[in-house]
Structure formats: C-alpha cells, structure tokens
Amino acid sequence: MRLDKYISDSTPYSRKEIKKLIKYGAITVNGIIAARPEMQVTENDSVAIDGEDVSYAKYVYLILNKPQGYISATEDKHYPVVTELVSEEYLHYNVFPVGRLDIDTEGLLILTNDGAFDHAVTSPKKNVYKRYFARLDKPVEPEDIDVFAEGMTFKEFTAKPARLEICENPNEAYVEIAEGKFHQVKRMFERVGKTVTYLKRVSIGGLTLPDGLEPGEVMEFDENELKLLIFGNQEFI
C-alpha cells in the first residue's frame, strides 16, 4: 500500500500532514528517510515518525464498560454518546458501537470501525449469545426458565430460545440471548410479569467484561483474541 495510506490508517495524521512530514525528512521506512508519499510499503516494513515506530492498524477493537446515561450511538442531540468516552488517540478510527445497550443499561460494549465484524456479532445467524445480569421487582419463578427456553414472539421479531439462570437471590437472574433487539431483555421479563430495575451486560460469546475495567473506561483488545473468544472456531464471515 502507499506510505501515506499506511500512516493515515494508523495515526491521526492527515494525508496533507504526512506529505509535510515526508518533506521535512521526519518519516523513515526501514531506517531510510522516505522521499515520496506514494512509496509502496507492507505491514512487515518498519515505519517511524521522528523515531517513533508506527504499527499498521486499519481496524481497532475497543472494550468499553458502558455506564448508565450514555446512548449507544456516535451522535445524539439530547444525550451523551458512548464514543465520547474514547480517548483522543483512537478518534481518527471513527469507531462505532457494535450493537447497542439501552441508556440505563451498563456493561460490556465493543467499539470498532470494522463493519464486517459488527455484522457478524449482531447477526442472529451467528448465534453469538450475550449474557446479562438482571435485578427484578419480583422473584423469578422456575417455570420462567421454560418460557424463556421456548423463545418468544413479539410484534416485530421472534426471539430465539433464551437461557435463564436464577441467582441465589430470586430477584436476580442471568439471561442469555442471541439477538439484541430494542429493550429485548426487559420485554422478555415483562412477558412473565417482572420489571427489570437494573441491567448489566457481562459477556458477549466467550468475551467477559474485564475485571477492574471501571464504568466509563475503555481498553484496546487484540483482534485475533477477540474473534476467537466471540466466534470460537466457526467461520468469522
């Protein structure tokens, strides 16, 4: 690929800024000062700006512990959005949330600029189960487990069979769903006569919310490890 594309994909620098850096001799490739922005490089080449190595990364994958009060979007006229929690070093990637969590729901949310990955995680065909911890206004009954396991039909979609696990405190439960439709977990509990008073997503596939990641904090995650945890050995696309 072109040198200027390599750098613009991996850093906040624009093509115009990269051209100036090349002009001033600030960019090297394999230790040699780069002369042209159209110079061809590969991911195996060693590219540096003012002596600082630049690792090529077209896509980025971030894990956010979403706090309440944030919309799962890139912009909103009335509420803060989750991308506002992303640090400046990642802004040039223009990340977006994979799926969504309601404004009052906390927990695990992935942010990326990889559209194919987003589609695979959110597609019901992939059977990527999302696990939630729910606190309810009434105790969960053993028969509710069977109702969830049968799947539920709503006006605009039919939910796949869900897994319901009652905690030691019967007003608390874990539920796993393969979709992620609007208010889905809350609507499923409403179907069995319960109201969700607190909801937190704790895992997506085999990816669990990292210990110590506080609400509002973001961390970068390795692409290969992330895909293995979420999809296992099944085909990604």
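This is a predicted model: local features need pLDDT of at least 70, side-chain atom pairs count only at pLDDT 80 or more; totals for chains, interfaces and linings use all residues.

Residues are numbered from 1 along each chain as its sequence is written, and side-chain values use heavy atoms, with hydrogens and water left out.

**Entry: the sheet**

Strands β1 (residues 27-29) and β3 (residues 47-49) run antiparallel and are joined by 3 bridges. (Strands are DSSP runs of E, at least two residues; helices are runs of H or I, at least four; both are numbered from the N terminus. Two strands pair if DSSP finds at least two bridges between them.) The open sheet has 4 strands in the order β2-β1-β3-β4, with antiparallel pairing. I checked the edges: β2 (32-33) and β4 (52-54) each have a single partner strand, so one side of each lacks a neighbour in the sheet.

**Entry: the helix on the sheet**

Next I asked what packs on this sheet. Helix α1 (residues 3-10) does, touching β1, β3 and β4 (contact means heavy atoms within 4.5 Å), and its direction makes about 65° with that of β3. For angles, I note that axes are lines fitted to C-alpha atoms, for helices over the stretch in contact, and values run from 0 to 180 degrees between N-to-C directions.

The buried ones are Leu3, Asp4, Tyr6, Ile7, Ser8, Asp9 and Ser10. Their cover includes α2 (15-23), β1, β3 and β4.

**Entry: a helix pair**

I moved on to α3 (residues 115-122) and α6 (residues 223-231), whose axes come within 11 Å and cross at roughly 20°. The two are therefore roughly parallel (angles under 35 degrees count as that). On the α3 side, Phe117, Ala120 and Val121 make the contact; on the α6 side, Leu226, Lys227, Ile230 and Phe231 do.

**Entry: whole chain**

Last, I zoomed out. The protein chain has 6 helices and 15 strands, and its C-alpha atoms fill a box of roughly 70 × 40 × 35 Å along the principal axes. Of its 237 residues, 46% count as buried.

How values were computed:
Angles under 35 degrees count as roughly parallel, over 145 as roughly antiparallel, 65 to 115 as roughly perpendicular and the rest as oblique. Buried means under 20% relative accessible area, exposed over 50%, partly exposed in between (1.4 Å probe, protein chains only).
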